[in-house]
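Work through the two exercises below with the sequence and the structure side by side, and try each task before reading its solution.

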Amino acid sequence: MYNVLIVEDDSMIRQLLEMFIKESDGYTLAAAIDNADLAPLYCAKNDVDLVLMDIRTAMRANGLDAAERIKQKHPNIKVIICTSMPEYSYLERAKKIGVDSFWYKQVVEEGFFDLMDRTMAGERIFPDSTPELKLGNASSTEFTERELEVLKEIMTGDSNNDIADRLSISVSTLKTHLQNLQDKTGFRNRTELAVKAREIGLVINDETGAE
């Protein structure tokens, strides 16, 4: 039997995952918590084989940060990132920090257990890409990585000068990216771009405090 730690701040999803684990033959529930910052501490003091880790959890604790700490200290513990957020950078960062598998949340018991079984058997399972989304008139697949970075930065509400400095580009280049984004999406200004992109979860800037 594998001991599973659930890290999930949505009570309905957490309860559903708990039910799946309790009804399974090969897994047992170690604990279910809502704050990712507590997960490395729990793993240090308890017998855990698998962590099902949400990314955006209670008290703004980041599940990717927690997963990285767990893999550094306990490389034998398997970690599956479970998120409903299609934010473009999450998938690549999960691979980079050594997470074992990545799952976009779906209430499908069969796929859920297959993913867990294959992960525990040593496979690393990741989707080929983030889910395709519609932002105004454009598909998310039409944006360059730099345009996505610009989208994330404008959520801060900072000036063009400050954003250009952080991205190490000129203000003129930043304005070109913004104009390209407006042309593709049909939105009129950077505020509308930022609001709509955040609404669909295409980009998330954790510095803004938005949940």
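Predicted model: local features only at pLDDT ≥ 70, side-chain atom pairs only at ≥ 80, totals over all residues.

**Exercise 1.** Find where Met 59 lies and determine whether it is buried or exposed; then do the like for Ser 168.

*Solution.* Met 59 is not a glycine, and yet its phi is positive, at about 60°. On the chain, Met 59 sits in the loop that runs between β3 (50-53) and α3 (63-73). Exposed means over 50% relative accessible area, and Met 59, with 72%, is therefore exposed. Turning to Ser 168, one finds a positive phi of about 60° in a residue that, again, is not a glycine. Ser 168 belongs to the loop between α7 (160-167) and α8 (171-185), and its relative accessibility of 66% makes it exposed.

**Exercise 2.** Identify the largest nonpolar core, and state which element gives the most to it.

*Solution.* The largest nonpolar core has 28 residues, and among those with the most contacts inside it are Val 51, Met 53, Ile 70, Ile 81 and Phe 102. Elements that give two or more residues to this core include β1 (2-7), β2 (27-33), α2 (39-45) and β4 (78-83), while α3 gives the most, with 4 residues. As a closer look, leave out residues up to four places away in sequence: Ile 81 then touches, among others, Met 53, Leu 64, Ala 67, Phe 102 and Trp 103.

Terms used
Residues numbered from 1 in each chain as written. Heavy atoms only, no water. Buried < 20%, exposed > 50% of the residue type's maximum accessible area, 1.4 Å probe, protein only. Core = buried A, V, L, I, M, F, W, Y, C linked by side-chain atoms within 4.5 Å. Contact = heavy atoms within 4.5 Å.
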